Structure formats: C-alpha cells, structure tokens
Amino acid sequence: MLRTGFLYDPRFLLHVTGDDHPECPDRLRLIVENLERSGLLGQLMQIKAEKAKQHWIETVHHIRYIMRFEESCAFGMPSIDHDENRICYDSYDTAMLAVGGVLKAVDAVMEGEAANAFCAVRPPGHHAEFDRAMGFCYFNNVAIAARYLQEKWGVKRIGIVDFDVHHGNGTQHIFEKDNTVFYYSIHEHPSFSYPGTGREFDIGMGDGEGFTKNSPVLPGRGDTEYRKRLTDDLLPAMSAFQPQFLLLSSGFDAHVDDLMSGTNLSTEGYNFIFRLLVDLAVRFCGGRLVSVLEGGYHLDTLPILVSNHIKYLADLK
Amino acid sequence: MFVFKDMAKTLINGDETMTVSQARDLMREKDIRHLPITDAAGKLVGIVSDRDIRSALPSDMVDTDSSCREESVMILSRPIGSLMTKDPVCVYPFDTLQDVLLLMQRHRVGALPVVDEDGILRGIVAVGDMLSAFIEVMGIHQPGTLLCVLAPDRQGEMKKLIDTISDEGISTGSILVARGIQGGDGRKAFFPYLLTNNVARVKQKLIEQGFEMLEPVKWYLDQLPKKS
C-alpha cells in the first residue's frame, strides 16, 4: 500500500447551495461516510485544510473578482455571475479553505510525506474563470495548485488531466497561452454538454499552442470510447510533454447513473481511467499526483467511485 | 432577427471611377471580400467581389509571361464600374435573417448590400455575419446544455416540453425542431438548448413524461441501410 493523502474538512460543508442544488454538502458527507464505513479512511494520511493566502489565489484570479466574490458573500447575495452559482455567507471562506487544502496536499506530496493525494473539496473549481464564477465553481483549485507548484516548488512542467464530464473552460483559458502547463480534458461533446467549449480545434494559442488537448465524447458513448480516446490522445500527448507533476480534475459525473451528462461510463470504465492515470504519474512524475474533486452528482454512485479512485491511488486495487 | 442588428455598419465602399487596382488594394487592406460601389450621393450602384477581380485577371502562375503582365496592367487600370455587378440584389435594414438566408441561397452570393428606402448604402451583410447571428440565435455563445429529445409528432408535445423546462426554473437559449430527424415511428426531434449546467432533474422529468433522449451515434446507425 502507498501512503495516500486525503484532504477533507467538515468546514467544506458550510458552502450551502440551498434546496435541490446538485452541488450539495451531502456529496462530501456521503463520500466520507463511505470511506469511514469501509475502513479505508483510517488507512489514509489525513490532511487538514487551512485558508489559502490570497497571494496564491491572485496567481490565477483577478483581485477585483476575488473582492467581488468576498463582498457578495458578506452582503448576503444569493448567487454570483449566474443564479446557479449559489452562495451563502460562508462560501468565500469555504472556497479559500478548499484552495488552501489543495495546496497543503501539494506540499505533502512534494515533501514526500504522501505518495499522492485525493482532495475531497467543495466548491469545485474547473469552470471558474480568471474574473468570474461559473458552473458552481468560484476559485479554480487545480489551476492555483499548478501555479503554486511552479512558484513555490519550482516544478517546471505540470500536466493537468480533467476527466469531469464537463469541459474545464476555466482551466483551459487560464493556461491556453502557457507551454509549461499541459491541459488535457476528456468530456461530453460541447455541442451537447455544458459549457459548450472544449472542441478538438482548441489546442492552445501563442506559446501555448499544442499544450491544450480536448477529447470530446458523444452522448451515449461510454467505456470503449473513453478507453480509445485516453489511449490515442492522452498518452502520446503526455509522453511528448513529460510532465513532472500530475494534477487531476476528477469528476465522477460521466457515469451512466449520473444524469448530469449523457455519457455512459461504467464503474469498471472509471477504474480503467484511475489505473491509467496512476500509471501515467508513475511513468513521468515519480508517482507525484494530486487529485481534486470536481463534479459527480449521483449520490449513490459518487462515494463508490471516489473510494475506487482512492484504492487505485493507494495501490490497494 | 433583423438585418440592421447583424449587418456591418461601418461603410467601406468604392466609386465607379476607381481603378480595379485601387479596389483590390482597398479590399486587401480592409480584409473584405465584397466592395459595394456607390455614386456621389451614396446611392448603391453595384458590388464587386474579390472573385470578380480574380476572374478578370490572368493567373498569378503565368505572371512571368510578359504579354500577360501587360494584360494585367491594362485590366488593373480600368475603372471598377466596368467590372462590377450592376444593380445587385440587396436588402433593407428591416428585412430579416430569413430573407438574407433565402436570398443568399437563391442568388448564390456571399454578401448582400443593405440600403434604405432611397437606395442609399447603409451596410452590408455577409456570410460571416450570418454565422455570428445564428450562433446568437441558437444561444450557443453562452454556456449551456443541449438536450436531444424525441417526442411523438402531435400537438401539445412542445408545450409539455417547455412547461417541464420552465417548471425547473431553467432559461432557454433556443429550441430547434428538427424535421429531418425522426424516429422510425414518426417521432420528431426537439433540441432545447438550456442555459444551465444543472440538467439531471429536468432530464429525469422528461423521461418520466415519456420523452426519449436521443443519442447521436445511435441515431446515425439507425440511418444506415439495414443488412438483410
């Protein structure tokens, strides 16, 4: 078994999105309960969250947006930038805590305390743009982690793999001109799925041309298509790029049970992805990998998939 | 939906006396493919496309031939009035996108000048402007999710669909009805583009009401000839 870090903090539940919102505190509560029940939680290295220093948020987000978000929460606004990006008084602090937690997970892996880590955080991050909230996301956790790895730890080349069923528009836009961060995303085809970006012709621009890759999957497709696209698109791209650290935007909403998408990945199909990504990290990054929770809204399936993901990280499967 | 909203309003136009060479240079400089030609009062008298100019000139490939070069110089120095299409098809600012689409298709042109009631040039609408207009009409410049819904071809299905969507408090970017895409059983396909990320529940409700979610690849496979 590998020493796998697990980031969770009950304060992540304080970002309350109201009745009937799919991005709800129960997602995390059920993930943790399931890990506890199976005994897996006790085998993981616990990482506690602490608020990120604003400096790190500013490596990705505009200061005016950061302040606007903070003020919107403090003034009791119901949402920010779209009525689905619900906020409450604690949302800003929770988002700061999520970022800070992910950065601590990065530290744990860089210091060698943990071989890799999974971050069970809310709110998610990959839709969050430089200057606005989007798709239930406020701060781009993974993008900030990439900048942190580069600035604090001097890691030059970061690979980001985003297997949430939605395209991570925020992460793509943040790094599209950057040749030091490779952004790969596999997601439901943008003609059909939110947010409508992430076509194959998006390959980055300027210095970053060739450092963004998208694999859209049509609704109704599942394991076979994922297997094919990951093998044909992701592996050659990462072999050429040679990342030194792997960050995952881990979404569990491509599962057949999850009606947020039309893709039909099975539990086994997800296992294929988990195994492949661990292998990728071992091959290029000395195993260094931090996986960050994005989407996944089917409350029965999500905890099982997260648990499987962690088992692959910890080499228990 | 109206031409005035989507046309290019910055006028770039020539007059009949300018030479073919001047017209070509102006079009290159402004990166346009159609140049409306007006008289001194600003009234539209013709239009010239980059293709008109290219067809009038000998090929670049034979440029080394001196007789061709002389011919080119001669053509380039002629007035554009001799090359332009006179009295071209045009539209009014209050005409619709539908008009533009059908006129472009009928006359096989890539741009239509826009004139007012007095025939004064007010703008131009080109294929690129139509693409932008339709991207906006479909709502796909905003983040959202496209549902592919098969429904029986009978009255009231559209209402059911819209009611279900609005009951969920979801804004709609557009709803396309695809008449060419039908289930073998005479059902018809609706494509609502919803300005939301949150589609799990609305999908569930639509399925409960008997709508079917169409899968693109499955649909395509159904179109292929059946093996006997």
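Which helix holds Asp26(A) and Arg29(A), and about how many helical turns separate the two residues? Before I answer, a word on what we are looking at: this is a predicted model, in which local features need pLDDT of at least 70 and side-chain atom pairs count only at pLDDT 80 or more, while totals for chains, interfaces and linings use all residues. Residues are numbered from 1 along each chain as its sequence is written, chains are lettered from A and ligands numbered from 1 in the order in which they are written, and side-chain values use heavy atoms, with hydrogens and water left out.

Now to the answer: Asp26(A) and Arg29(A) lie three residues apart in helix H1 (residues 25-38) of chain A, and so they are separated by about one helical turn. Helices here are DSSP runs of H or I with at least four residues, numbered from the N terminus. The side chains of this pair meet in a salt bridge at 2.4 Å, N to O, where a salt bridge means a side-chain nitrogen of Lys or Arg within 4 Å of a carboxyl oxygen of Asp or Glu. Asp26(A) is partly exposed at 32% relative accessible area, and Arg29(A) is partly exposed at 37%; buried means under 20%, exposed over 50%, and partly exposed in between, with a 1.4 Å probe and protein chains only.

A second salt bridge in chain A joins Lys152(A) to Asp107(A) at 3.5 Å, N to O. This pair links distant parts of the chain, 45 residues apart, with Lys152(A) in helix H5 (residues 141-153) and Asp107(A) in helix H4 (residues 91-110). Lys152(A) is partly exposed, at 41% relative accessibility, whereas Asp107(A) is buried at 13%.

Turning to chain B, Asp6(B) and Lys5(B) meet through their side chains in a salt bridge of 3.8 Å, N to O. Here Asp6(B) is buried, with a relative accessible area of 14%, while Lys5(B) is partly exposed at 48%. Salt bridges that share partners also join Asp20(A), Glu168(B), Arg201(B) and Lys205(B) into one network, and over all chains the structure holds 26 salt bridges.

Finally, the surface: Met1(B), Phe2(B) and Val137(B) form a nonpolar patch with about 270 Å² of accessible area together. Patch residues have over 30% relative accessible area and no salt bridge, with nonpolar side chains (Val, Leu, Ile, Met, Phe, Trp, Tyr) joined within 5 Å and like charges within 9 Å. Val137(B) belongs to helix H6 (residues 127-137) of chain B and is partly exposed, at 34%.

How values were computed:
Areas by Shrake-Rupley, 256 points an atom, 1.4 Å probe, with all protein chains shown as cover.
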